[in-house]
Amino acid sequence: MIDCDIHVQISHPEEILKYVDEAERDWFRKQSFVLGLPGYPWMNPSTWFRLDLAVDENGMPASNPQVVAAEALDNQGAVIGVLTADDALSVGLMENPYRAATLARAHNDWFQHDWFPVDERFRGSIILPTQDTAAAVAEVERCAVNPKFVQILLPGGSERPYGDPRYLPILEAAAAHGLAVAIHSGMEGMGLAHQPSGAGTPTFYIEWHTIGSACSIQAHLISLLTHGTFRRLPDLKVLMIEGGLAWLPGMLWRHDTNWRGLRDDTPWIDELPSETMKRHIRFATQPLEHTNGNDELLWQMLAAVGAPDILCYTSDYPHWDGDESKWLENRIPESWRQGVMHDNAAAFYGNRLNLPVTR
Amino acid sequence: MSEWHDIAAEADVVAGTPAIARIAGREIGVMRDPRTNKIFAIRNRCPHSGAKLCLGTVEQRIEGTPGGHYELVDRTVIVCPWHGWEYDASTGECPEDNNYRVAVYPVRVEAGRVLVQA
């Protein structure tokens, strides 16, 4: 099994600040939310994390590499676990681009020095100061030399959808190094990011969690396809994480329908957008919607847009809404299991994954 | 077996004003391409959802490359008045979806009259 979304936690800001130059450390210490990262307007009303996990002296789960290796890899039977940022996913949405560049570098160094050496199954995600395209590209170049990094990681919340030309050099740098581009839902309405929907600010966490985190992923999906990003960057591969799945067929059919009638606005699109999607974009399985007894219908609809080949397993460990590998494996059709749980991610990340010979 | 049918005076077929005839129960429109001045004949029914296709516009096809580059190409399309789907005026094919094609018919002009084979 390959898990493409393991959220390791910063237990204490000093873990990151040891990789920040002394001249800047105090600035980060003095920020109201952790490290100056934009905070969530909608707090989870119960808990962000599963309650059955080991916690450290600060009460934080998933902060110790050995514990993460045991809980997220050993216990789940994972041969590879791709580490993703948690709060630091929003680094590209900080108002201050210079501090963002500093913090992104420090977080990426934290992965390289504190996590990768602990367990050979760990792979990592590069976070970026996307406010400053040149700085973000430079950070991709700096980190790409470490083969443990398999992707760059962008938040769902953004200043503009990622097909916008301002992001192209960042995507280009990733593709040039064989790095995937992971877009993880979240951070909508935070910092520089726009609000989660065109209807205004949600009131409740459940509103954000239901629509906010899905619609940003939808926006990036349609934007990347509409701008012809994959024609410009034929090697680009994108993983959409935690935006939901059941809406996907409907959104793609809607996009295909609109393209037939509106194609002269984007005449560089020379095939059904849903066909382009199948070659370049993969979707994380978590959180797989409960269907009120209609799982067969869900499989049929997803198959119509390319499943199981477009699906890669993600646990979202240690979050409250994660999908355990065995639970997911038993729920999906048997013929999908090998692909969804392992082979699709292996093919998607390709040589960059540096898979062990045996599993 | 198709035959040639006298549809309209050539002078009456001007760009933007189709001539419509009913032949063997089917409406066929004769239209002039304002760019090439050629006359073409096409079934007056969009295969997508049944609109009267000849109420649409005859346009030069736009192609492009990513990055916002637009280019007019040597291809004439009729654009459906309802949903904007395009059909090639010469072949009737929908470039965006080869499951859809509208019938087109041979045209010739003789002695100032437009004849359509249908």
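Predicted model: local features only at pLDDT ≥ 70, side-chain atom pairs only at ≥ 80, totals over all residues.
## How confident is the predictor?

Let's start with the scores. For the complex, the predictor reports an ipTM of 0.88 and a pTM of 0.95. Chain B has an average pLDDT of 96, and 99% of its residues score at least 70.

Chain A has an open sheet built from eight strands, and the pairing is parallel. Walk across the sheet and you meet them in the order S1-S2-S3-S4-S5-S6-S7-S8. At the edges stand strand S1 (2-7) and strand S8 (311-312) of chain A, each with a single partner strand, so one side of each has no neighbour in the sheet.

S1(A) runs parallel to strand S2 (residues 80-84) of chain A, and four bridges join the two. Look for His7(A) here: opposite this residue, in S2(A), is Thr84(A). As background, strands of a sheet pair through backbone hydrogen bonds, either parallel or antiparallel.

## Where chains A and B meet

Chain A puts twelve residues into the contact, and chain B puts in twelve residues too. On the chain A side, the elements giving two or more residues are helix H8 (229-232) and helix H9 (248-262) of chain A. H9(A) gives the most, with four residues.

What kinds of residues make up the side of chain A that touches chain B? They split into five charged, four nonpolar and three polar.

Methods
Residues numbered from 1 in each chain as written. Chains lettered and ligands numbered in written order. Pairing = 2+ DSSP bridges. Contact = placed C-beta atoms within 7 Å. Nonpolar A, V, L, I, M, F, W, Y, C, P; charged D, E, K, R; others polar. pLDDT = per-residue confidence, 0-100.
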